[in-house]
Each structure stands twice: as C-alpha cells, then as structure tokens.
Amino acid sequence: ESEDEDSPLPDVWIEDLTAGRGRVNFADNSRRMKPEKTLSPIEFALKDSRTTSESGGFKLSAASERGERFDWTGRLSLQPLASNGRIAIARLKARSAYEFLSDELPFELTDGSFDLSADYKFSAGTQAGMQLDATLPRISATGLGLRAQGVDNDWVTLPSAILDNTRLSLARHQVAIETLRVNGRACVTRDPGLALVEDFGQILD
C-alpha cells in the first residue's frame with residue numbers, strides 16, 4: 001500500500017488545453033447571509049503541462065454578474081505540487097466580500113470596491129512542508145461604507161485607502177505592510193442626527 005502511495009504519477013503531457021464560455025453558479029448556505037455568486041464567462045488555458053517536475057503555463061479568467069474580474073496566470077507542476085504566478089482581482093464589490101465573510105467580521109461593509117494583485121510562490125509535498133510566499137504590490141479600496149451590524153446608517157465612509165507592498169509568508173506566519181495611505185473625506189457617524197466630517201490625507205508606515 002505504501003509503495004502505491006509513493007509511486008510516481010504516470011507521465012502525461014498536455015500540449016494545449018483550452019476551455020471557453022464557461023459558467024459557474026455557487027452558493028454557501030452555511031453562512032448567515034446564504035451568499036450566491038455567478039461567474040461567467042470563464043476562460044481557461046493550459047499549455048505544455050506534464051505530470052513531472054517540469055511546469056506548464058496556465059491562465060484562468062472569470063467575471064461576475066456585478067462586473068468583478070478575476071485573472072490568474074502562472075506555471076504549475078504536479079510532482080511535487082508547486083505553482084508560481086500572479087493573481088489579479090478587479091472591481092471586487094465590498095458587499096460581495098462581506099456576504100461571504102459576514103460570520104467572521106465584527107462590522108458590515110455596505111458599499112465600495114477593492115482592486116488588488118498578488119505575485120505568489122507555492123509548494124507542497126516536500127520535506128519543507130507547505131510553503132506559500134506572496135507579495136501584493138498594491139491593495140486599493142474605493143468608496144467604502146462601514147457600519148456596526150444591525151444598525152441602519154454607515155458609521156464610516158472612506159473614499160480611498162491604499163496598502164502598498166504587503167508581504168505574507170505561511171512558513172513564518174508573518175504579514176508585513178510597508179505603507180497604508182488613507183486619503184479624502186471620511187464621515188464618521190454613530191448617531192443618525194450627528195455627523196463628524198473630516199478632510200484628511202494620512203500615510204502610515
């Protein structure tokens with residue numbers, strides 16, 4: 001049995017595999033808000049891929065019904081399992097993120113969008129164990145609205161926030177952020193009849 005588990009995968013070579021005009025509908029009924037999402041069209045391409053240590057290139061692109069965009073390009077090897085590449089997410093609605101994360105977040109996201117990209121390197125199945133290192137050159141948020149759960153009015157409206165050069169390492173259990181920039185006009189409201197409006201531009205290192 002152990003010999004079968006340790007035996008190498010059969011040598012398979014995929015020269016060119018392309019799939020287009022795909023569609024995925026998914027829902028998470030275990031969540032309080034029971035979120036649903038449709039991704040269409042989905043485009044996938046795999047070139048020169050082998051079940052050996054030689055890696056092949058791939059590309060996965062998808063869009064949502066809300067105009068959100070997901071692009072993933074990189075290289076993939078199966079033995080050992082490893083991948084490196086770039087993931088880019090554009091126009092991700094804050095509300096979409098909140099619907100799937102509402103059980104973990106202590107506040108509610110009511111408006112706004114996120115844009116981000118990440119360069120990553122991943123490996124598993126080696127003596128070093130699972131490894132994941134990623135660099136996110138920029139994470140930007142636009143037009144965010146935040147409120148406490150269960151209230152009717154936003155407590156914070158944030159026109160712009162940018163995180164520059166975020167780095168994470170799974171092996172070191174580490175996340176590092178080089179710069180946080182918050183710009184524009186924030187309206188902080190806890191009482192519907194009272195608002196504090198402040199213009200600011202702040203850089204946190």
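# A chat about a predicted chain

Visitor: How high is the average pLDDT of the chain?
Guide: The chain averages a pLDDT of 82, and 79% of the residues score at least 70. pLDDT is the predictor's confidence in each residue, from 0 to 100. This is a predicted model, so local features need pLDDT of at least 70 and side-chain atom pairs count only at pLDDT 80 or more, while totals for chains, interfaces and linings use all residues. Residues are numbered from 1 along each chain as its sequence is written, and side-chain values use heavy atoms, with hydrogens and water left out.

Visitor: Where is the pLDDT below 50?
Guide: Over residues 192–196. Beyond near neighbours in sequence, that stretch has eight contacts in the model. Contact means heavy atoms within 4.5 Å. Where pLDDT is low, the predicted coordinates should not be read in detail.

Visitor: OK. How many helices and strands are there?
Guide: Two helices and ten strands. Along the sequence the pattern reads α-β-β-β-β-β-α-β-β-β-β-β. Helices (H or I, at least four residues) and strands (E, at least two) are DSSP runs, numbered from the N terminus.

Visitor: And what share of the chain is buried?
Guide: Buried residues make up 27% of the 205 residues. Buried means under 20% relative accessible area, exposed means over 50%, and partly exposed is in between (1.4 Å probe, protein chains only).

Visitor: Which residues form the largest nonpolar core?
Guide: Nine of them: Ala94, Tyr98, Leu109, Phe114, Ala141, Leu144, Leu158, Ala161 and Val182. Helix H2 (94–101) and strands S6 (107–123), S7 (131–148) and S8 (156–169) each give two or more residues to this core. A nonpolar core is a set of buried Ala, Val, Leu, Ile, Met, Phe, Trp, Tyr and Cys residues joined through side-chain atoms within 4.5 Å. In soluble globular proteins, nonpolar side chains tend to be buried together.

Visitor: What does Ala141 contact?
Guide: Ser113, Phe114, Pro159, Ser160 and Ala161, leaving aside neighbours within four places in sequence. Another core lies apart from the largest one. That other core has seven residues, among them Leu46, Phe58, Ala134 and Ile139.

Visitor: New topic. Is Asp164 buried or exposed?
Guide: Asp164 counts as buried because its relative accessibility is 12%. Asp164 sits in strand S8.

Visitor: Which side chain does Asp164 make a polar contact with?
Guide: The side chain of Arg181, at 3.2 Å. A polar contact is a pair of N or O atoms within 3.5 Å; within protein, one must be able to donate a hydrogen and the other to accept it, and residues adjacent in sequence count only if both atoms are side-chain atoms. Leaving aside neighbours within four places in sequence, Asp164 also has contacts that include Leu136, Arg138 and Glu178.

Visitor: And Glu99, buried or exposed?
Guide: Glu99 counts as buried, because its relative accessibility is 15%. Glu99 lies in helix H2. A polar contact of 3.4 Å joins its side chain to that of Arg66. Glu99 is also in contact with Met33 and Pro35, with neighbours within four places in sequence left aside.

Visitor: How about pockets? What volume does the largest pocket have?
Guide: About 330 Å³. On a 1 Å grid over the protein atoms alone, a pocket is an open set of points where a 1.4 Å probe fits, with protein on both sides within 12 Å along at least five of seven lines; lining residues have an atom within 4 Å of a point. Grid points are joined across faces, edges and corners, and the volume is the space filled by probe spheres set on the points.

Visitor: Which peptide bond is cis?
Guide: The one from Ser40 to Pro41, with omega near 0°. Pro41 is in strand S2.

Visitor: What is phi at Arg91?
Guide: Near 60°, a positive value in a residue other than glycine. Arg91 lies in strand S5. For Asn165, in strand S8, phi is near 55°, also positive. Most residues other than glycine have a negative phi, and most peptide bonds are trans.
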